[in-house]
Amino acid sequence: MESQQKFLSFNLGIKDTAVISLQHITEVLQVSLADICGVPQMPACVMGVYNWRGEMLWLVDLEEMLGYPPLSHTSNFLAKMMAIVLEDDGKHLGIIVRQMMDIEFLDNNQMKAPAAELFSSSITDFLQGYFINNDEKMMFNLDASAIIHSPMWVTHN
């Protein structure tokens, strides 16, 4: 039973599904575009900072970061978005996602290694592997730690 873990699943792009282990998720919140303070000279995927529990939380468009079209360019992009607050080693990062789906119980022993030919290079750095769910659909297992500690942020601090 040890290998069973809880993951939050959400949409990535139009047809993909991704999961992140719940152990790295502090909170899920609704964020209004008006409450995000833009920051100049940051990578395009950085939407800005947001006041979260009295702290400045960086918000990132996860889809744009992973090489998908930016969420702001999607027709159903609303003023309210869902942010997943990731935590690793005391560092927090908010990732904006298209749509939450479910809590999944997945078996880490069933995770497959991310073969380079299956995934674009922009996503492989942030991938722990992938699962095939009951509907035979692939679910990307994103590495919260790799996202939080991405060199992308270091060069801009």
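User: How are helices and strands assigned and numbered here?
Analyst: Helices (H or I, at least four residues) and strands (E, at least two) are DSSP runs. The model they are taken from is predicted. Their numbering starts from the N terminus.

User: In what order do the elements of the protein run from the N terminus on?
Analyst: The protein has four helices and 10 strands. Read from the N terminus on, the order is β-β-β-β-β-α-β-β-β-α-β-β-α-α.

User: What is the radius of gyration of the protein, and how does the globule rule bear on it?
Analyst: The C-alpha trace spans about 40 × 30 × 30 Å along its principal axes. For 157 residues the globule rule gives 15 Å, and the protein comes close to that, so it is as compact as a globular protein of that length. The radius of gyration is 15 Å.

User: What percentage of the 157 residues is buried?
Analyst: A residue is buried when its relative accessible area is under 20%. The protein exposes about 8,500 Å², of which carbon and sulfur atoms supply 50%. Buried residues make up 46%.

User: Among contacts with a separation of 6 or more, what share comes from residues 24 or more positions apart?
Analyst: A contact here means heavy atoms within 4.5 Å. For contacts with a separation of 6 or more, the share from residues 24 or more positions apart is 57%.

User: How far apart are the mean positions of the positive and negative charges?
Analyst: The protein has 8 positive and 19 negative charges. The distance between their mean positions is 5 Å.

User: In what sense do β4 and β5 pair, and over how many bridges?
Analyst: Strand β4 covers residues 46–52 and strand β5 covers residues 55–61. The pairing is antiparallel, over six bridges.

User: Which residue in the hairpin of β4 and β5 takes a positive phi?
Analyst: The hairpin has two residues between the strands. The phi in question is near 55 degrees, and the residue is arginine 53.

User: Which residue of β7 is the bridge partner of aspartate 61?
Analyst: Strand β7 covers residues 91–97 and runs parallel to β5, with three bridges joining the two. The partner of aspartate 61 in β7 is isoleucine 96.

User: Is aspartate 89 buried or exposed?
Analyst: Aspartate 89 sits in the loop between β6 (80–88) and β7. Its phi is positive, about 60 degrees, although it is not a glycine. The relative accessible area of aspartate 89 is 70%, and the cut-off for exposed is over 50%. Aspartate 89 is therefore exposed.

User: What is the phi of glutamate 136?
Analyst: Glutamate 136 belongs to the loop between β9 and β10 (138–142). At 64% relative accessibility, this residue counts as exposed. Glutamate 136 is not a glycine, yet its phi is positive, at about 65 degrees.

User: Is histidine 24 buried or exposed?
Analyst: Histidine 24 is found in the loop between β2 (16–21) and β3 (25–32). Leaving aside neighbours within four places in sequence, histidine 24 is in contact with Val85, Leu86, Glu87, Asp88 and Ala144. Its relative accessibility is 18%, so histidine 24 counts as buried.

User: How far apart in space are leucine 22 and isoleucine 103?
Analyst: Leucine 22 lies in the loop between β2 and β3 and counts as partly exposed at 28% relative accessibility. Beyond neighbours within four places in sequence, leucine 22 is in contact with Lys6, Phe7, Leu8 and Ile103. Leucine 22 and isoleucine 103 are 81 residues apart in sequence, and their C-alpha to C-alpha distance is 8.6 Å.

User: Which residues is glutamine 128 in contact with, leaving aside its neighbours within four places in sequence?
Analyst: Glutamine 128 lies in strand β9 (residues 127–132). It is partly exposed, with a relative accessible area of 38%. Glycine 38, which is 90 residues away in sequence, is 30 Å from glutamine 128, C-alpha to C-alpha. Leaving aside those sequence neighbours, the contacts of glutamine 128 are Met111, Pro114, Asn141, Leu142 and Asp143.

User: What distance separates the C-alpha atoms of alanine 113 and leucine 127?
Analyst: Alanine 113 is in the loop between β8 (100–107) and α2 (121–124), and at 60% relative accessibility it counts as exposed. Alanine 113 and leucine 127 are 14 residues apart along the chain, and their C-alpha atoms are separated by 8.9 Å.

Notes
Residues numbered from 1 in each chain as written. Predicted model: local features only at pLDDT ≥ 70, side-chain atom pairs only at ≥ 80, totals over all residues. Heavy atoms only, no water. Pairing = 2+ DSSP bridges. Rg over C-alpha atoms; globule rule 2.2 N^0.38 Å. Buried < 20%, exposed > 50% of the residue type's maximum accessible area, 1.4 Å probe, protein only. Areas by Shrake-Rupley, 256 points an atom, 1.4 Å probe, with all protein chains shown as cover. Lys, Arg positive; Asp, Glu negative; His and termini not counted. Charge placed at Lys NZ, Arg CZ, Asp CG, Glu CD.
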